[in-house]
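Open the model in a viewer and keep the selection panel at hand. The stops below go from an interface to a helix pair and then to a backbone angle.

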Amino acid sequence: MERLAMDMAGAEMGEPGAHTAALINSTAELVSRVRAGDEDAFRLIFERYSRPVLSFIFDMIGDRAAAEDLAQETFVRAYKGLGGLRDETKLSTWLFSIAKNCARESLRTRGRDRNKVEIDGEEAFELRDETPTPAGRLLDKELNAVIERALARLDEDKRLVFTLKVLQQRSYEEIAEITGHSVGKLKTDLHRARAEMRRRIGPYLGGEQ
Amino acid sequence: MRCEDCLPVVEDYFDGALEKDEANRVGAHIAVCAECATALDALEAEQSLYLRYDRGLEVTPALWEGVRAGIARLEADDERLSVQAPALTPLAGLRGRLAMFFAALTLRPVFASSLALVLFGVVLGALLLRSIDSPQSESAQQQQMIADGGSALSTTAVHPEPVIQESAEIETVAATAVETKQPAAVTNSPSEVAALSSNRDSRRVNTINASASTTEIEEELPDPDHLELADAELLSFARQQPSEFEDEAARASRLIGPGEREVARHVERAQALLRSFRNTRSAEGVSSANVAYERALAQRLLRENLALQLDAEEAGDKTTGRVLDAIQPFLRDIANMRDEPSRDEVRSIKERMRKTEIVAALQVY
């Protein structure tokens with residue numbers, strides 16, 4: 001999956017690998033079929049991109065139920081607007097743009113500034129059991145919680161670039177298209193986001209490194 | 001390369017964001033530098049940790065069902081606008097195109113005819129107003145002609161459809177003659193002439209003419225042969241029956257209501273906007289288009305369109321509603337364009353306009 005994601009990322013930068021070349025063609029073909037009214041083709045698009053879209057939206061808003069609703073909204077909007085997609089090979093970038101807009105609209109509507117997490121949220125960073133696990137490794141589920149809360153404390157721009165670059169493995173060029181920000185700003189935000197994340201989860205990474 | 005040059009860019013190197021040459025230099029340095037290699041290893045360890053991040057999300061069948069439901073809602077909305085366009089024969093006329101586009105089973109010929117009459121009346125009225133002077137200035141011309149002692153007018157010189165101002169003058173002359181039993185000189189005071197020129201009862205004038213002729217009153221009407229060309233034209237226009245045009249326009253206006261006129265004007269403006277947008281061209285070598293004017297106009301028309309849609313819905317006017325629904329997506333897309341959209345964005349909208357033949361369809365409407 002990782003290789004596939006990186007292959008795709010490379011492909012959309014104009015450097016397709018053999019596997020990706022086939023994938024690009026099939027993506028373009030799927031889009032053409034959807035435009036011709038083929039519902040099955042859209043189902044395939046959904047199956048290919050639903051997980052990363054859902055994950056991305058969840059990383060942005062931190063609410064599972066809302067993330068599912070917004071993921072549905074993303075694909076409905078995509079279905080409606082597919083006729084306007086200029087470059088079929090940029091389907092995933094386009095989908096993520098829609099998802100980003102949906103997430104941002106939700107954040108505005110909910111009026112929740114995740115940067116203002118209450119101080120008692122800090123408790124989530126503490127291990128329930130202070131006794132180090134064998135070999136000092138965190139249990140995955142606790143790591144998940146730690147990362148989730150650390151993400152929640154990033155401001156929106158940093159969270160956006162961190163999610164897209166580190167978690168979704170997108171290229172800077174793709175992220176620039178999705179966010180509308182310059183590559184320079186993205187690099188700066190990512191550098192700061194990494195530093196903040198490192199600060200928040202670093203103490204728990206000692207056994208990992 | 002030194003560490004102080006490498007460490008600031010090791011993240012970019014890790015992210016694959018360096019130019020090829022610089023990446024090679026950094027890679028070569030890292031191969032021989034423990035400190036920079038450690039920094040790179042830390043980044044890789046972080047990345048592997050993040051890749052283990054499991055959000056606990058599952059793409060369930062319910063998610064797809066939700067998407068399907070959303071699409072079904074979309075299609076239900078679109079079905080109000082969709083038209084099953086039958087194959088057009090070369091002989092398919094204007095009527096057929098309108099019926100197909102708006103999915104109307106029958107046309108409203110009365111409405112179409114009335115609209116045509118209104119437009120005709122508006123255009124003619126505009127021409128008339130531009131060509132005819134105001135009543136006051138025309139009466140002033142009449143005053144001048146009278147004061148100059150223009151040629152004697154005879155009853156026979158009276159146009160079968162006499163000029164209103166002339167008629168008023170005749171009425172005055174006749175009235176004066178009746179009172180004084182003298183050949184009346186056409187020397188009414190300017191105020192009287194001005195007052196009388198506002199009287200537009202030509203039939204009454206004919207009666208007066210007849211009675212005037214029986215009293216052998218010398219009537220003075222401007223002799224067209226002695227008028228300047230411009231005055232002759234004015235006289236010619238004045239001799240027409242303005243009331244006829246008014247009646248025509250009034251009749252047409254009565255056939256359609258003010259609401260429908262508003263819709264017709266809105267549709268006309270929307271059509272003009274779409275035509276203007278369709279004809280926009282980007283300058284050679286420029287990747288973006290300037291549609292600022294169209295965008296501003298679309299924003300205004302979009303608000304108008306929404307208000308008219310509500311009115312149509314309240315009135316149960318489905319035909320008008322369909323027209324406005326057809327226009328709305330184009331107005332919305334143009335209104336929401338960036339300051340300098342790319343040519344591809346503009347082309348996409350133009351392509352949709354071409355496929356739906358929206359400009360032609362609005363013209364028919």
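Buried area is the accessible area (1.4 Å probe) that two parts lose on being put together, summed over both. This is a predicted model, in which local features need pLDDT of at least 70 and side-chain atom pairs count only at pLDDT 80 or more, while totals for chains, interfaces and linings use all residues. Residues are numbered from 1 along each chain as its sequence is written, chains are lettered from A in the order in which they are written, and side-chain values use heavy atoms, with hydrogens and water left out.

**The interface**

Select chain A and chain B together. The area buried between them is about 3,800 Å², and carbon and sulfur atoms give 58% of that area. Contact (heavy atoms within 4.5 Å) involves 45 residues from chain A and 33 residues from chain B.

Next, look for polar contacts, meaning pairs of N or O atoms within 3.5 Å; within protein, one must be able to donate a hydrogen and the other to accept it, and residues adjacent in sequence count only if both atoms are side-chain atoms. Between chain A and chain B, eleven residue pairs are in polar contact, both residues at pLDDT 80 or more.

On the side of chain A that touches chain B, the elements giving two or more residues are α3 (39-61), α4 (64-81), α6 (140-152), α7 (156-167) and α9 (183-201) of chain A. Of these, α3(A) gives the most, with ten residues.

**A salt bridge**

Which residue of chain A forms a salt bridge with Arg55(B)? Select Asp59(A): its closest O atom and the closest N atom of Arg55(B) are 2.8 Å apart. A salt bridge here is a side-chain nitrogen of Lys or Arg within 4 Å of a carboxyl oxygen of Asp or Glu.

**A backbone angle**

Finish at Gln169(A), in the loop between α7 and α8 (172-179) of chain A. Gln169(A) is not a glycine, yet has a positive phi of about 60°. Most residues other than glycine have a negative phi.

**The helix pair**

One further selection is α3 (residues 20-32) and α4 (residues 34-51) of chain B, whose axes come within 6 Å and cross at roughly 110°.

Methods: Helix = DSSP H or I, 4+ residues; strand = E, 2+ residues; numbered from the N terminus. Axes fitted to C-alpha atoms, helices over the stretch in contact; angles between N-to-C directions.
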